[in-house]
Amino acid sequence: MAQQLSFVLPEIDRVGTKNRVENLLEQYRILLLQVDIEFLPKVTAGYSLVPPSNTNAFHSSTEDAAIKIVDYQRNRTEFIQRMQESVNRLSYQERSIIIRRYMLHEEYYDYEVYNELGMSERKYYRIKARAFLRLAFALREEVYVQDGQAVPAE
C-alpha cells in the first residue's frame, strides 16, 4: 500500500514578513539615490616618521576608499538587481502595485495607487498583502512563528 507524503509548513508571521519586505523596498529606493560620504577618499595629507615599506601591502586612505566604493557599488548593484528580479516574478497586478507604490522615485500613497489602477480599496490591499508574501518568498526573507516568537528564515 502506498503512503501519502505530508508536509507540515511552519506558520508565517505575516506582520513581521510585511515589515521586512517594506524595509527592503525602502532600502531599495534609498540605494538608488545614495552614495555614502564615508566612502570618499580623504584629501588631507598624512605624515608619518616611519619610512615607507617596500611590500605589496596597500594602506593609503585613497586606495582603501576606492576598494570600499567598489565593494559598496557591487553590493548595491546586486541588491537592486535581486529586488528587480524578485518583483518581476510577481503577477501583473502585484507587480503594478509594488512598482507604483515602492519602486518609483516619486512617492505615492496607497489611495493614489489604487485609484490609478482602477481597483477598489479592499482588492488593492488584498493583492498588496499577497504580493508582500510572494516577494518575501522570492527574496527568502519570510518570517516564521516558532514557539510564539517571530524567527527570520535562514
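**Close-ups of a predicted model**

View 1. Leucine 5 counts as exposed, because its relative accessibility is 70%. In this predicted model, leucine 5 turns up in the segment before α1 (14-31). Together with Phe7 and Leu9, Leu5 makes a nonpolar surface patch of about 460 Å².

**View 2. The whole chain, for orientation.** Five helices and two strands make up the list of elements here, and reading along the sequence gives α-α-α-α-α-β-β. Of the chain's 154 residues, 29% count as buried. What about contacts between residues at least 6 apart in sequence: what share of them join residues at least 24 apart? That share is 69%.

**View 3. Tyrosine 102 meets phenylalanine 132.** Searching the whole structure turns up five aromatic pairs. In one of them, tyrosine 102 and phenylalanine 132 have ring centres 5.7 Å apart and planes at 50°, so the pair is tilted. Tyrosine 102 belongs to helix α3 (residues 92-103) and phenylalanine 132 to helix α5 (residues 121-139), so this pair ties together parts that are 30 residues apart in sequence. Are these two residues buried or exposed? Both tyrosine 102 and phenylalanine 132 are buried.

View 4. Tyrosine 109 and tyrosine 111 form a stacked aromatic pair, with 5.9 Å from centre to centre and 5° between the planes. Tyrosine 109 is exposed because its relative accessible area is 54%, while tyrosine 111, at 46% relative accessibility, counts as partly exposed. Elsewhere in the list of rings, Tyr114, Tyr124 and Tyr125 are linked into a cluster by ring pairs.

View 5. What does the charged end of arginine 101 sit over? The ring of tyrosine 102 is the answer, with the charged end 4.9 Å from the ring centre. Arginine 101 also has a salt bridge with aspartate 110, where the side chains meet at 2.9 Å, N to O. Aspartate 110 and arginine 101 are both buried.

**View 6. Glutamate 94 reaches across to arginine 130.** The closest N and O atoms of this salt bridge are 2.7 Å apart. Glutamate 94 sits in helix α3 and arginine 130 in helix α5, so to speak a link between distant parts of the chain, 36 residues apart. Look at how the two ends are covered: glutamate 94 counts as buried because its relative accessibility is 0%, whereas arginine 130 is partly exposed, with a relative accessible area of 40%.

**View 7. Three residues in a salt-bridge network.** The structure holds 11 salt bridges. Arg20, Arg82 and Glu141 are joined in a network of such bridges.

Methods:
Residues are numbered from 1 along each chain as its sequence is written. This is a predicted model: local features need pLDDT of at least 70, side-chain atom pairs count only at pLDDT 80 or more; totals for chains, interfaces and linings use all residues. Side-chain values use heavy atoms; hydrogens and water are left out. Patches are made of residues with over 30% relative accessible area and no salt bridge: like charges are joined within 9 Å, nonpolar side chains (Val, Leu, Ile, Met, Phe, Trp, Tyr) within 5 Å. Accessible areas come from the Shrake-Rupley method with a 1.4 Å probe; for residues, only the protein chains shown count as cover. A salt bridge is a side-chain nitrogen of Lys or Arg within 4 Å of a carboxyl oxygen of Asp or Glu. Helices (H or I, at least four residues) and strands (E, at least two) are DSSP runs, numbered from the N terminus. Buried means under 20% relative accessible area, exposed over 50%, partly exposed in between (1.4 Å probe, protein chains only). Rings of Phe, Tyr and Trp (its six-membered ring) pair if their centres lie within 6.5 Å; planes under 30 degrees apart count as stacked, over 60 as edge-to-face and the rest as tilted. A charge sits over a ring if NZ of Lys or CZ of Arg is within 6 Å of the ring centre and within 35 degrees of the ring normal. Contact means heavy atoms within 4.5 Å.
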